[in-house]
Amino acid sequence: MKILLEVKNLSVSYEQKVVEQVSMTLHSQEIVGLIGQNGCGKSTLLKGIIGGPVSTVGQVFVGAQDYFAMKIKERAQYIAMMSQRYDVMEGLTVSEMIELGGYATSHFFDYHMDYERILQIAEEFQIVDLLEKDYTKLSEGQKQLVQLARLTRQNTPVLLLDEPDSALDFENRHRIFQLIQKMIKTQDKTGLLVLHDPLYAFMYCDRILLMKDGRIIDEIIPQHETCQIMTQKMQKLYPHMIIQKDQEYQQFYCLTK
């Protein structure tokens, strides 16, 4: 598998340093989860990678290209981010929201909405009935589905997803992870997902990075490690957590002692 995202010694600050000397490599068709307690720097790390409104020191490469050396619009062709909140002006329809993902590859003088592509994506996400609705009037769960649809329209090799499941019910939570999984595995993309629930990380991620106090402190590969090893690693974040696995259904679950 080829390297799609490489982060080298990245530190990110607001008034004070939040993320300290983080390095990672993500490969094509790989889903990597990022887990840590509230305030450890997970969301800030994603903002630093994408070059958001933070003070950043370090390097980010997409393929072999220096991401920070690119112009803003060029960056949007390589990395797309789904934030926890995405504020837009009232009146913007869902179809217009999805089409915002086409910004990276559009030209100002010949811009037009690709209605056929929008409909195709909407059908995949089962949101066709929302296309003419005001995006700001949707439920938070519906907004998350629309945001993932926008990222599909943007069609970048690297996806940064900050709690993509936070407002979804049980069924839609699994559905959105399955859509993410399908997108990454079939289209040679890679994804870095901030998650709070370890069980969904164990279920859908190829690797899990553990973050504490602004640093990556360990890594878990769920399909290649014993529950005992996984428990030892997770207890660096959550001292009372115990990982078990149902052998009949091949599903992990978490206990507390």
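This is a predicted model: local features need pLDDT of at least 70, side-chain atom pairs count only at pLDDT 80 or more; totals for chains, interfaces and linings use all residues.
User: What rules out a bond for Cys-254?

Analyst: Distance again. The sulfur of Cys-254 has its closest cysteine sulfur in Cys-227, at 9.6 Å.

User: Why is Cys-40 called buried, and what is Cys-254 called?

Analyst: Buried means under 20% relative accessible area. Cys-40 has 7%, so Cys-40 is buried. Exposed starts over 50%, and partly exposed lies in between. Cys-254 has 27%, so Cys-254 counts as partly exposed.

User: What makes Thr-231 buried?

Analyst: Its relative accessible area is 10%. The limit is under 20%, so Thr-231 is buried. Thr-231 sits in helix α8, residues 227–234. Beyond its neighbours within four places in sequence, Thr-231 contacts Met-241, Ile-242 and Ile-243. Contact here means heavy atoms within 4.5 Å.

User: What lines the largest pocket?

Analyst: The lining has 20 residues. Nearest the centre lie Ile-50, Ala-76, Tyr-86, Arg-150 and Gln-154. Two or more lining residues come from each of α1 (42–50), α2 (72–75), β6 (79–82) and α5 (140–154). β6 gives the most, with 3 residues. The volume of the largest pocket is about 520 Å³.

User: How are the lining residues of the largest pocket divided?

Analyst: There are 12 nonpolar, 5 polar and 3 charged residues in that lining.

User: What makes up the lining of the second largest pocket?

Analyst: This lining divides into 5 nonpolar, 6 polar and 4 charged residues. The second largest pocket has a volume of about 200 Å³. It is lined by 15 residues, and Arg-85, Tyr-86, Tyr-135, Glu-140 and Lys-143 are the closest to its centre. α5 provides the largest share, 4 residues.

User: Which residues have the most contacts inside the largest nonpolar core?

Analyst: They are Ile-98, Ile-127 and Leu-148, in a core of 49 residues. Helix α6 (residues 170–186) supplies the largest share, 6 residues. Leaving out residues up to four places away in sequence, Ile-98 touches Ile-118, Ile-121, Ile-127, Leu-131, Val-146, Ala-149, Arg-150 and Arg-153.

User: Why pick out the phi of Gln-29?

Analyst: Most residues other than glycine have a negative phi. Gln-29 is not a glycine, yet its phi is positive, about 65°. Gln-29 is in the loop between β2 (17–27) and β3 (30–35). With 31% relative accessibility, Gln-29 falls in the partly exposed class.

User: What is the phi of Gln-250, and where is Gln-250 placed?

Analyst: Gln-250 has a positive phi of about 55°, although it is not a glycine. Its place is in the loop between β11 (241–246) and β12 (251–256).

User: Why is Gln-250 called partly exposed?

Analyst: That class runs between the 20% and 50% limits. Gln-250 has a relative accessible area of 44%, so Gln-250 is partly exposed.

Conventions. Residues are numbered from 1 along each chain as its sequence is written. Side-chain values use heavy atoms; hydrogens and water are left out. Buried means under 20% relative accessible area, exposed over 50%, partly exposed in between (1.4 Å probe, protein chains only). A disulfide is a pair of cysteine sulfur atoms within 2.5 Å. On a 1 Å grid over the protein atoms alone, a cavity is a set of points where a 1.4 Å probe fits but cannot get out, and a pocket is an open set with protein on both sides within 12 Å along at least five of seven lines; lining residues have an atom within 4 Å of a point. Grid points are joined across faces, edges and corners, and a volume is the space filled by probe spheres set on the points. Ala, Val, Leu, Ile, Met, Phe, Trp, Tyr, Cys and Pro count as nonpolar, Asp, Glu, Lys and Arg as charged, and the others, Gly among them, as polar. A nonpolar core is a set of buried Ala, Val, Leu, Ile, Met, Phe, Trp, Tyr and Cys residues joined through side-chain atoms within 4.5 Å.
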